[in-house]
Amino acid sequence: MKQSEISKVYITSKKGNENPLKEFDAHKSDVNLFSNQFPTFIENLAGFGICKFDIVSGKINFSEYLYRVMGYEPDSFTPTLRNIFNLIHPKDIKKIKVLSDLNSWEKSNITEIDKLRIITTTKTYLYLNIKGQLISEAGKESLILAIKDITEETNYILSFEKEKAKLLKSNSDLSAFNQIASHDLQEPLRKIQIFISRLKQMEEIILSKKTGDYINKVQMTANRMQMLIIDLLMFSRISKSKDHSKFTYIQNILQDSLHEIAFLVEEKKAFIHMDPLPFAKVIPFQMQQLFTNLLSNSLKYAKNNTPPVIKIKNEKLTPTEIEKFPHIPKEELIKISVGDNGIGFNPSEAENIFVIFKRLHAKLEYSGTGIGLAICKSIVENHGGLIEATSVPGE
C-alpha cells in the first residue's frame, strides 16, 4: 500500500444511493468533526464520544454519541460551560481547570483527566476518562476531547481497594492477636500449670478423690488451652508467611517429621512404609509441618488393639487430576498420598475435616484442637496445590 493511500478512510454516505462511497481525507487541515462525514460508528465501536471546544468563539460541540456516554439523550441540553459545570461533582471541578489553562497546552501533546464524576438524568454518578489535544483547523485553534465512560472498571477498582483495606486491617488485627497469644495468654496458663503441679506434689496435703479429679480436670483444660493457642499461632504464621521456598529433597523432610514424632510411633507400635520422594521447590519448614500433622493424625485415629499401618506413596497423577492444574506443566506436578488403616470417616465429611475447629469426634474421645488439618490445607495451598481426603468408616 502506498503512503498516500494510508491517509484515506472510506465511509458510506447517508444520502440514499447517491455517492455511496465518499472519500474522507484525514490529512486535510479543515475537517469538521461534527459534519455528516464524521464516522460516528467509530465512536460507538471505541466506546468514547467527542467534544470540540473552539477557543476563539468559546463554542462547544458534542457528538451525538457523547451525550449517550454521559447518560443523556442527544441534544437534551446545550453544551455550555455553565451547563457542563453543573453536571460535574463539586469535588472534581478542579480537575477540569486544566482545560481553561491554555498556556499549559502544547500541540501534539495529549492531556488526560481521569475519573471525572458527572451526574446523569437518574441522579447517579458516572466516572469519565478525558483525553484532550490542541489542534489547528483552518488557522484556528480548538481543543478536541475524547471522553469515555469508565464507571464499571472504576467501581471494580474501588471495590478492590475497599476489600484490600479490610484485608490489611484484618492482617493488622491478626498480628495484634499473635502478640497477645504469644505472651499475654500463655503466661497465666503457664502459672496455672506450675501451681497445679506443685499442689499435686505436696506430700503434706492429702486430697480427696473428688478434689484430685477436679485438679486433674483443671490441668487437662489448661494443657488443652495451651495446645489451642500454639496451634492457632502456627495456623496464623502458615497463612501469612512469605515464600521462602527452595529446591529440597522431600525424602529428608519426611525423615525429619518421623524423628519429631518417633516417640508416638514407638508408643503406638506403628509400621511406616515409604516410597522414595522426589526433589521439589518447597518451603521446608511448612512441608515438615504438613507431614508431621498428617502422620500424627493417622496415629491419633488408629483402631484400638490394632497396630497402625501408614503408607506414604509417590503416585502418578491421573489425566483428571492433571486437568486441575492447567497452567502448570505436568512434569512439575507431584502427588503424595498418606494412607492408613485407622477408624476412617464418612465420605460426606471429606471437606469438613479441613475446616478450622471442625471436629468429627468428641474432644473427650480424641485429643486435639481441630486445627491440624486446616494447617495442612493452608500449607498445600501455599504451594499452589490441592489436598483431598477419601475414606469409609472403619477403613
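I note that the model I am reading is predicted.

**Entry 1: rings**

I searched the whole structure for aromatic pairs and got 6. How are the rings of Phe 62 and Tyr 67 placed? Their centres are 5.3 Å apart and their planes meet at 65 degrees, so I log the pair as edge-to-face. The cut-off I used for that label is over 60 degrees. Next I looked up Tyr 72 and Phe 77. This aromatic pair is edge-to-face, with 5.3 Å from centre to centre and 75 degrees between the planes.

Are Phe 62 and Tyr 67 buried or exposed? Both are buried. I checked Tyr 72 and Phe 77 as well, and both are buried.

**Entry 2: strands**

I moved on to an open sheet of 3 strands. I read its order as S9-S11-S12, and the pairing is mixed. Which strands sit at the edges? They are S9 (271-274) and S12 (335-340), and each pairs on one side only. From one strand to the next, the twist averages 10 degrees.

I then followed S9 to strand S11 (residues 309-315). These two pair in the parallel sense, over 4 bridges. Opposite Ile 272 I find Ile 310, in S11.

**Entry 3: helices on the sheet**

Helix H11 (residues 284-300) packs on the sheet and touches S11 and S12. Its direction makes about 20 degrees with that of S12. I also looked up helix H9 (residues 250-260), which lies across S9, S11 and S12. H9 runs at about 175 degrees to S9.

Key
Residues are numbered from 1 along each chain as its sequence is written. This is a predicted model: local features need pLDDT of at least 70, side-chain atom pairs count only at pLDDT 80 or more; totals for chains, interfaces and linings use all residues. Side-chain values use heavy atoms; hydrogens and water are left out. Two strands pair if DSSP finds at least two bridges between them. Axes are lines fitted to C-alpha atoms, for helices over the stretch in contact, and angles run from 0 to 180 degrees between N-to-C directions. Contact means heavy atoms within 4.5 Å. Rings of Phe, Tyr and Trp (its six-membered ring) pair if their centres lie within 6.5 Å; planes under 30 degrees apart count as stacked, over 60 as edge-to-face and the rest as tilted. Buried means under 20% relative accessible area, exposed over 50%, partly exposed in between (1.4 Å probe, protein chains only).
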